[in-house]
Amino acid sequence: MKSLCIILVALSIVSCQNQGKEDVNKAKQASIDSMKVEINKQRVIDSMKTEMANLKEQQQVEQQKVESQKVVVVHQQAENGTATSTTTTTKKKKGWSATAKGAVIGAGVGAATGAIVSKRKGEGAIIGGLAGAALGTGTGAVIDSKKKKE
């Protein structure tokens with residue numbers, strides 16, 4: 001009986017030590033997984049910041065182009081002494097519509113989110129990109145219609 005108690009105590013101590021190692025390994029893996037998710041989120045945020053910086057840069061370049069275009073006014077003296085004037089203006093180039101911007105941004109965010117959330121990364125990215133593009137297009141169309149009303 002005494003030997004049986006010693007064996008049981010020894011087995012319980014050994015099993016508790018193994019359980020502790022498994023818990024530590026699970027905690028390490030959970031920490032690693034959460035770090036991976038945070039890294040992926042940061043990548044998405046960084047890519048969106050880069051995209052927004054590129055859009056701002058493009059807008060500044062377009063604005064500089066518009067400012068550099070000049071209006072030319074020519075005054076000509078007619079034979080009978082009256083003055084005539086001719087004015088030529090250049091049209092302002094249109095940039096991206098809100099619908100197009102919404103579609104592009106929505107597709108990017110949707111694809112990144114779909115890839116992060118889905119177990120099948122490629123399939124999730126495709127589905128997320130399509131869904132994001134659809135939502136972005138709809139949102140952009142609403143913004144365009146509001147601008148036309150103003």
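These legends accompany several close-up views of a predicted model. Local features need pLDDT of at least 70, side-chain atom pairs count only at pLDDT 80 or more, and totals for chains, interfaces and linings use all residues. Residues are numbered from 1 along each chain as its sequence is written, and side-chain values use heavy atoms, with hydrogens and water left out.

**View 1. The protein chain holds three helices and two strands.** Helices (H or I, at least four residues) and strands (E, at least two) are DSSP runs, numbered from the N terminus. The chain has 150 residues, of which 11% count as buried. Here, buried means under 20% relative accessible area, exposed over 50%, and partly exposed in between (1.4 Å probe, protein chains only).

**View 2. Helix H3 spans residues 121-149.** From its first C-alpha to its last, this helix of 29 residues reaches 42 Å, close to the expected 42 Å. The expected span is 1.5 Å times one less than the number of residues. Look along H3 for its buried glycines, Gly124, Gly128, Gly129, Gly132, Gly136 and Gly140, and for Asp144, which is buried too. Helix H2 (98-117) is included in what covers the buried residues of H3.

**View 3. H2 passes H3 in a right-handed crossing.**

**View 4. Glu38 forms a salt bridge with Lys41.** A salt bridge is a side-chain nitrogen of Lys or Arg within 4 Å of a carboxyl oxygen of Asp or Glu. In this pair the closest N and O atoms are 3.9 Å apart. Both residues sit in helix H1 (residues 2-68), and because they are three residues apart, about one helical turn separates them. Glu38 is partly exposed at 48% relative accessible area, and Lys41 is partly exposed at 41%.

**View 5. Glu123 forms a salt bridge with Arg120.** Their closest N and O atoms are 3.5 Å apart. Glu123 counts as partly exposed at 43%, whereas Arg120 is exposed at 58%.

Technical notes:
Contact means heavy atoms within 4.5 Å. A crossing is left-handed if the near helix is turned anticlockwise from the far one by less than a right angle, and right-handed if clockwise.
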